[in-house]
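This report covers pockets, model confidence and a group of aromatic side chains. The structure is shown first.

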Amino acid sequence: MTLSALGIFSAAGASSIPIGTGAGYTLGGFNAAFQYITTVDKFDLTNDSRSTLGTGLSVANRSQGAVNDVSKGYIARGNVTSERSRVYRLTFSTDVLALLGATLSGAFESMAGASSTTNGYFMGGADNAGNQYSQVDKLNFSAETNSTLGTGLSSARGGGFGLQSSTHAYAAGGRTANAGPAVTTIDKFAFTNDARTTLGTGLNTAVDYGTGCPSSTTAGYTMGGYNSSGSLVNAIQKITFATDATSTLAATLSVATGAGSMSGFQNNVAGYGTGGDTAGGYVSTVSKLLFSTETNSNLATGLSATRILMGALSNKG
């Protein structure tokens, strides 16, 4: 069987751009008119085209944590005060949204999300008063029930990057106070027993409120964000899962001044960073980082409108 038959490379030859599978979603967010929105954009990752679902979120929202299993994605309700502990389910086969009966342990936004094959981890976050939290909530996909780990993050923080390998959930960066600064800390949770370790070496650059675009196999990536001085970052940082070594790619975001408050999804060949806050204002740009070459480019079609702080889900196909 050829690689093209497996959906990994196009049939044009070995030099062709990898073709992925599945779909990515951005949900809600905050638009250029400073309004929360309900819009759900869907990207077909076999050709990177975009459509917008006819039915969006039931409550306009931003800053949602997000986790995925193979058939469904889940987002926390984000910044709407009365709804922050609620969880939406998006069924990938039908694009239908529904609210779960299960709730999170508290009313949080700006959580880092990571997933195993059986559970989703909502890590850290902040409340409406700007207090940061260390709790880690664990959503069981099959039962759709939530529990809270006995051991949370090594420090209370929100706005971190959620990444996952096949064996661990990672919470990287974030901020420990409402006004910052960003930190370099990387916490790692084992899927087998939920035990936490904190890596001896953190991110190369302290950063928060960017997007995590994890590869499901060898490495996780952070894209953009804000540094410890609050300035925008265009760097793409990498955690190699086999060694937990951190590095910074030669590739950067296309916006030279950087972008923050993006959201990210991924499939089998690439990670995508969507929207964001730039020196020139909010953008609708969608960046695509190819895992095989670690090169970054922008899609021809971006979000349906400029926005920041969306929830994002990945149907890897």
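In this predicted model, 16 residues line the largest pocket, and those nearest its centre are Asn-68, Ser-115, Ser-116, Thr-117 and Lys-316. The volume of the largest pocket is about 390 Å³. Its lining consists of 12 polar, two charged and two nonpolar residues.

The second largest pocket has a volume of about 230 Å³. It is lined by 15 residues, with Glu-109, Ser-110, Arg-175, Asn-178 and Tyr-209 closest to its centre. Here the lining is made up of seven polar, four charged and four nonpolar residues.

Confidence can be summarised briefly. The protein has a mean pLDDT of 89, with 91% of its residues at 70 or more. Over residues 1-16 pLDDT stays under 50, and for this stretch the model has 19 contacts beyond four places in sequence.

The aromatic pairs come to 11. Two that involve Phe-30 are tabulated below.

| Pair | Centre to centre | Angle between planes | Geometry |
|---|---|---|---|
| Phe-30 and Phe-34 | 6.2 Å | 55° | tilted |
| Phe-30 and Tyr-36 | 5.5 Å | 55° | tilted |

Phe-30, Phe-34 and Tyr-36 belong to one aromatic cluster together with Tyr-282. How does accessibility class Phe-30, buried or exposed? Phe-30 counts as buried because its relative accessibility is 15%, under the 20% limit. Phe-34, at 59%, counts as exposed, and Tyr-36, at 34%, as partly exposed. A charged side chain also meets the Phe-30 ring: Arg-62 lies over its face, 5.5 Å from the ring centre.

Definitions and conventions
Residues are numbered from 1 along each chain as its sequence is written. This is a predicted model: local features need pLDDT of at least 70, side-chain atom pairs count only at pLDDT 80 or more; totals for chains, interfaces and linings use all residues. Side-chain values use heavy atoms; hydrogens and water are left out. On a 1 Å grid over the protein atoms alone, a cavity is a set of points where a 1.4 Å probe fits but cannot get out, and a pocket is an open set with protein on both sides within 12 Å along at least five of seven lines; lining residues have an atom within 4 Å of a point. Grid points are joined across faces, edges and corners, and a volume is the space filled by probe spheres set on the points. Ala, Val, Leu, Ile, Met, Phe, Trp, Tyr, Cys and Pro count as nonpolar, Asp, Glu, Lys and Arg as charged, and the others, Gly among them, as polar. pLDDT is the predictor's confidence in each residue, from 0 to 100. Contact means heavy atoms within 4.5 Å. Rings of Phe, Tyr and Trp (its six-membered ring) pair if their centres lie within 6.5 Å; planes under 30 degrees apart count as stacked, over 60 as edge-to-face and the rest as tilted. Buried means under 20% relative accessible area, exposed over 50%, partly exposed in between (1.4 Å probe, protein chains only). A charge sits over a ring if NZ of Lys or CZ of Arg is within 6 Å of the ring centre and within 35 degrees of the ring normal.
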